[in-house]
Amino acid sequence: MLIAGNWKMYKGPAETAEFCLGLREQELTGVDLVVCPPFVSLAVAVQLLAGTEIAVAAQNVHWDAEGAYTGEVSAEMLRELGVYGAIVGHSERRQYFGETDDTVARRVHAALEAGLFVIACIGETEAERGQGATEDVLRRQLAVLEPDDNLVLAYEPVWAIGTGKTATPGTAQESHAFVKSLLDAPVLYGGSVKPDNAAELLAQPDVDGALVGGASLELESFTAICRAASHS
Ligand code: PEP
């Protein structure tokens, strides 16, 4: 069971340090943990979580090792910093920053080649679900990816991200089973996972963990979700 906290554009280095020091104190066994701070906070997280089992991942990664790409960061640079992995293709990147299936594929490929662990995000919008297109969307998003020991998928229905609308455990299970029928990889669920719904979602047979946004920002709610995972 893997629980990853996506901090989005929250927590600069000072808040990251405070969170990591608190996280180190927790007794969290039977669950793999990843925190994904913004780029500027990665170094302090790597430093303060060194010697623990908690991994640090970035929220994006470029496909070239270096080059004239203002605002981007490469897998090699992340590796140099001691970062373990990266989220790729989060719906906020797809929605606001022009991320496409093609750029997701390039980022995932480069990150895996460089030895990073990747959490690749997929999921349908509310309109796509309404049109009955969920499976087509997932099929299209997965068509550009290949199984890899260091690849984990995150099924994140876009309508459930940051909205408080969680997929029912049954809906999550159905989508996860479909995703796994297309690509052999562990699948995390993401979309308004909270301490009070985590256990039920994580109990589904094809839910292998969670990618948590809002509830990963507070130590108390994040550790409550991690504890729910360690019991499931
Ligand atoms: C996310 O950012 O990946 C996410 C699932 O956010 P939230 O938990 O806030 O819905």
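In this predicted model, Y155 touches I122, G123, E124, R129, L138, S175, H176, V187, L188, Y189 and G190, leaving aside residues up to four places away in sequence. Y155 is found in strand 6, and the residue counts as buried because its relative accessible area is 0%, under the 20% cut-off.

- Among the contacts of Y155 is R129, and here the two side chains make a polar contact with each other at 3.4 Å.
- T134 stands 21 residues from Y155 along the chain, and the C-alpha atoms of the two residues are separated by 11 Å.

**The ligand and its shell**

- The ligand is surrounded by 14 residues, of which K8, E156, G162, S192 and G214 are the closest.
- By residue type, the shell around the ligand divides into 4 nonpolar, 8 polar and 2 charged residues.

**Q59 in its loop**

- Q59 lies in the loop between strand 3 (55–58) and helix 3, and, not counting residues up to four places away in sequence, Q59 touches N6, W7, K8, C36, P37, P38 and I87.
- For two of these residues the side chain of Q59 reaches a backbone oxygen, that of C36 at 2.9 Å and that of P37 at 3.4 Å.

**Helix 5 and T103**

- Helix 5 covers residues 101–113, and its 13 residues reach 18 Å from the first C-alpha to the last, which is close to the 18 Å expected at 1.5 Å a residue.
- The buried residues of helix 5 are D101, T103, V104, A105, R107, V108, A110, A111 and L112, and they pack against helix 3 (75–81), strand 4 (85–88), helix 4 (91–96), strand 5 (117–122), helix 7 (134–142) and strand 6 (151–155).
- An α-helix has 3.6 residues a turn, so residues three or four places apart point the same way.
- T103 has its place in helix 5 and is classed as buried because its relative accessible area of 14% falls under 20%.
- The side chain of T103 makes a polar contact with the side chain of E99 at 2.5 Å, and a polar atom of the T103 side chain also lies 2.8 Å from the backbone nitrogen of T100.
- After helix 5 comes G115, whose phi is positive, near 95°.

**Helix 10**

- The end C-alpha atoms of helix 10 (residues 219–231) are 18 Å apart, and this agrees with expectation because 13 residues at 1.5 Å a residue should span 18 Å.
- In helix 10 the buried residues are S221, F222, T223, I225, C226, A228 and A229, and what covers them includes strand 1 (2–6), helix 1 (13–24), strand 2 (32–36), helix 9 (195–202) and strand 8 (209–212).

Methods. Residues numbered from 1 in each chain as written. Predicted model: local features only at pLDDT ≥ 70, side-chain atom pairs only at ≥ 80, totals over all residues. Heavy atoms only, no water. Helix = DSSP H or I, 4+ residues; strand = E, 2+ residues; numbered from the N terminus. Expected span 1.5 Å × (residues − 1). Buried < 20%, exposed > 50% of the residue type's maximum accessible area, 1.4 Å probe, protein only. Contact = heavy atoms within 4.5 Å. Near = heavy atom within 4 Å. Nonpolar A, V, L, I, M, F, W, Y, C, P; charged D, E, K, R; others polar. Polar contact = N/O pair within 3.5 Å; in protein donor to acceptor, adjacent residues only side chain to side chain.
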